[in-house]
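This report describes the sheets, nonpolar cores and aromatic contacts of one protein model. The account is to be read alongside the sequence and the structure shown here.

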Amino acid sequence: SRTRRCLLDSSEFRRVNSQGMRGFRRRGFDWDRSKLETAIRDGRQLKSDTVLAYQGVCIKQRQRRLFHRDRCRTSWIMSRAFEIRGIEVPQALAYFVLGDTSYFLCEYLQDGQLLNNYLSDIPKNHQKFRALKALAQWVNKIHSSRLWQRDFKSSNIMSSGNRYYMLDLDSARVQTLNLDQKIMNLAQLNASVSNQIKLKDRLRFLSFWLDGSSWTRERRRAVYARIWAIAKNKNTAHYGLDLDELRKECGA
């Protein structure tokens, strides 16, 4: 019920239904149709022609199709689901429908770095150690909060102000995760960070993610073997990752 409050008039949100535009917005965020149209016209393109930035606001737009779920509406609801569980996401500002197009508006993190760039640029081992530990604890918190992100790759995670933020929430949902789904998330992350993250760093990450679990050494090895096998079937070159080279560096 706390998640669904973003679809109701409440102390935090209000309905929008004027000027041919409908949806929901956070109280205190006063964009109307003319402001949205100005942002679409003058905004800076971030990702193809579907994601724009304008005056500190990130705007995602999607064509609505019959018999398909509205991805912007899903992002609006899931942003609330992450927020009330204490997991960082760019603050959701509004969800609008105008004609056959829907829009999801959220805070634009101007000083943010995508996860792969952030981890690859860390110069010192002790800083990387802390960053990986914080990331593993953050991922563990998402899993233990019954949140399933089907596309858990580094390009959907941003670092800003020593915190991690989940992006692209249209592929997330609330459900209890089984071990296979958790392993898939770990494999997606493993396959989308560069060779700057060494094999020993990846094993440390898994240890941090387990967070004191009583798993045996054999079970840990079996899980990491599954993570590695999944990563081998993915296109990792885009992220600067060569798995064979990574193994050679450690004599594996």
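Two strands are taken to pair if DSSP finds at least two bridges between them. The model discussed is a predicted one.

## The seven-stranded sheet

With that criterion, 7 strands form an open sheet in the order β1-β2-β6-β7-β5-β4-β3, and the pairing is antiparallel. The edges are held by β1 (13–18) and β3 (44–47); each has a single partner strand, so one side of each is left without a neighbour in the sheet. Neighbouring strands are turned by 20° against each other on average, direction ignored.

Within this sheet, strand β2 (residues 21–26) and strand β6 (residues 92–98) run antiparallel and are joined by 5 bridges. M21 has L98 of β6 as its bridge partner.

Two helices pack on the sheet. Helix α1 (residues 33–42) touches β2, β3, β4 (51–54), β5 (57–63), β6 and β7 (101–107), and its direction makes about 110° with that of β4. Helix α2 touches β1, β2, β5, β6 and β7, with a direction at about 160° to that of β6.

## The three-stranded sheet

A further open sheet consists of 3 strands in the order β8-β10-β11, with antiparallel pairing. Here β8 (113–114) and β11 (163–166) are the edge strands; each has a single partner strand, so one side of each lacks a neighbour in the sheet. Strand β10 (residues 157–160) is joined to β11 by 4 bridges, and these two strands run antiparallel.

N162 lies in the loop between β10 and β11, and its phi is positive, about 65°, although N162 is not a glycine. N162 counts as exposed, because its relative accessibility is 71% and the cut-off for exposed is over 50%. D168 lies in the loop between β11 and β12 (172–174); its phi is near 50°, again a positive value in a residue other than glycine. As background, most residues other than glycine have a negative phi.

## Nonpolar cores

The largest nonpolar core has 45 residues, of which F82, L119, W138, V139, Y164 and M166 touch the most other members. At least two residues of this core are supplied by each of α2 (71–84), α3 (115–121), α4, β11, α5 (179–190), α6 (199–210), α7 (217–232) and α8 (243–249). Helix α4 gives the largest share, 7 residues.

Apart from this core lies another, of 16 residues, among them L52, L93, L98 and Y103. L98 is also the bridge partner of M21 noted above.

Which residues does M166 touch, not counting those up to four places away in sequence? Its contacts are F82, E88, V89, P90, W138, I142, Q149, F152, N156 and I157.

## Aromatic contacts

The model contains 10 aromatic pairs.

| Aromatic pair | Centre to centre | Angle between planes |
|---|---|---|
| Y118 and Y164 | 6.2 Å | 75° |
| W209 and W215 | 6.3 Å | 75° |

The pair of Y118 and Y164 links distant parts of the chain: Y118 belongs to helix α3 and Y164 to strand β11, 46 residues apart.

In the second pair, W209 counts as buried at 6% relative accessibility, and W215 counts as buried at 17%. W215 has a further contact: the charged end of R219 sits over the ring of W215, 4.1 Å from its centre.

Notes. Residues numbered from 1 in each chain as written. Predicted model: local features only at pLDDT ≥ 70, side-chain atom pairs only at ≥ 80, totals over all residues. Heavy atoms only, no water. Core = buried A, V, L, I, M, F, W, Y, C linked by side-chain atoms within 4.5 Å. Buried < 20%, exposed > 50% of the residue type's maximum accessible area, 1.4 Å probe, protein only. Contact = heavy atoms within 4.5 Å. Phe/Tyr/Trp six-rings, centres within 6.5 Å; stacked < 30°, edge-to-face > 60°. Lys NZ or Arg CZ within 6 Å of the ring centre and 35° of its normal. Axes fitted to C-alpha atoms, helices over the stretch in contact; angles between N-to-C directions.
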